[in-house]
Amino acid sequence: MRGLPSASRAFRYFFVTTLLICAPQVNAQITTNTALPISAGGGMLRIQTKIIRSSGNQADADRQLTVVAVPFVVVYGVTRKLAAFGIVPLLDKRMESTSEGALGKRNVSGLADVRFFLRYTFVQKDSRGATLRIAPFAGTMIPTGSRDVADDMGTLPRPLQLGTGSWSPFAGVVLTRQTFAWQIDASFSYQYNPEAGGFRFGDEARLDLASKIRLLPRQLGGGLPNFFYANLESNLIWRGENEMNGVENLDSGGVIWYLDPGIQYVTRRMVFESAIQIPVIQDLNGSALKNDFIFVISVRIAY
Amino acid sequence: MKTTIRGSFIVVVLLTALLIQPTMAQETVENPDVVLLVDGLACPLCAYGLEKNLKKIDSVQAISIELEKGEVRVKLKEDAKIAEDHIRKAVVDAGFTLNQIEYRDKKTQSSLDI
């Protein structure tokens, strides 16, 4: 079991795992939030799978962290302007470490922290075949994920646990401009992470920009045709340093910028989509593991 | 938990298989009683909430949407009438803006749904 992370070293892993998985977007585009309407009394279900791979060398050990995340998203239109969002993520985290030929593994699976938030459409400018909307949103992360999972090596380090243990409020705003031919979304959000059980994860800010263009059909024609889009999105994520018992961990937090090419197939009731998030810039503090990629595939169903 | 995650893949596939057929089908209304011009409709998924809300109105038999024109064609049940207020509420509750209502058959216009 050599080469497995100590509690302090494992602080770093959290940055590219839990917060990325559970970011508050519900995504009209693939990784970015939207201000598009949710019908009053109706809504949307989204089932998503993310595969997150990170790797690096720390303390003379090669480490690889693989997270499979399945967030279930439920959206409900409370009124024509107010929508409620719930995100229930299931996680499987697997860390492998090789040092001097010895392989160590640690694994945890289960329910992570649930998120709930409300979005209110503040600006709505409609014209034929186009809309402009601006919607602030706010909510909280609910500490439903376990933070005391143990294996035969003992209790897992806090950043490898499924939950944070804290009620973490977040807020932001999203702007969407949609036409028949293209769509852009821009979203900014900030999450405050309070201390829980002597541990405080760094706050997080993110700026998401997304664009997509319709590839098919080239001409709309009559009726309600299905759309095939090419997407390009960008996620700039900053995270502050973690603290344990009031002491900052200098090997935690930092900045990651992803570019995400993807595709979407949109019908009148469902969306099928996939993207890969490629880390273009990773300016992480200390010797944190680098993220290799995030693969996303999902389906959405209107109800 | 791995079983749960694998199970979720299966759920996705099954839901897709079950829902893909109704997803593709859209009725066409050739001779509408009422035609609406709706602003803000810019993709097929957005239209679903609007379609659902309009179909909740008792007097509505069928609707079809011409996305490019922003046009919603409404066919009423035989001898039925429909109130403008109810149409407007259905459109607004779906998150869109009603630009115009045209009653092709004036006999279908009413202050109440009948």
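Student: In chain A, where is confidence lowest and where is it highest?

Tutor: This is a predicted model, in which local features need pLDDT of at least 70, side-chain atom pairs count only at pLDDT 80 or more, and totals for chains, interfaces and linings use all residues. Residues are numbered from 1 along each chain as its sequence is written, chains are lettered from A and ligands numbered from 1 in the order in which they are written, and side-chain values use heavy atoms, with hydrogens and water left out. pLDDT is the predictor's confidence in each residue, from 0 to 100. Where pLDDT is low, the predicted coordinates should not be read in detail. In chain A, helix α1 (residues 18-21) has the lowest mean, 48, and strand β6 (residues 123-127) the highest, 98. Helices (H or I, at least four residues) and strands (E, at least two) are DSSP runs, numbered from the N terminus. Over residues 18-25 of chain A the pLDDT is below 50.

Student: How much area do chain B and chain A bury between them?

Tutor: The size of an interface is often given as the accessible area lost when the parts come together. Here the buried area (1.4 Å probe, summed over both parts) is about 3,900 Å², with 65% on carbon and sulfur atoms.

Student: Which side chains meet in a salt bridge?

Tutor: A salt bridge puts a side-chain nitrogen of Lys or Arg within 4 Å of a carboxyl oxygen of Asp or Glu. Arg268(A) and Glu51(B) form one, at 2.4 Å from N to O. The count between the two chains is one.

Student: Which element gives the largest share of chain B's side?

Tutor: α1(B) does, with 14 residues.

Definitions and conventions. Contact means heavy atoms within 4.5 Å. Buried area is the accessible area (1.4 Å probe) that two parts lose on being put together, summed over both.
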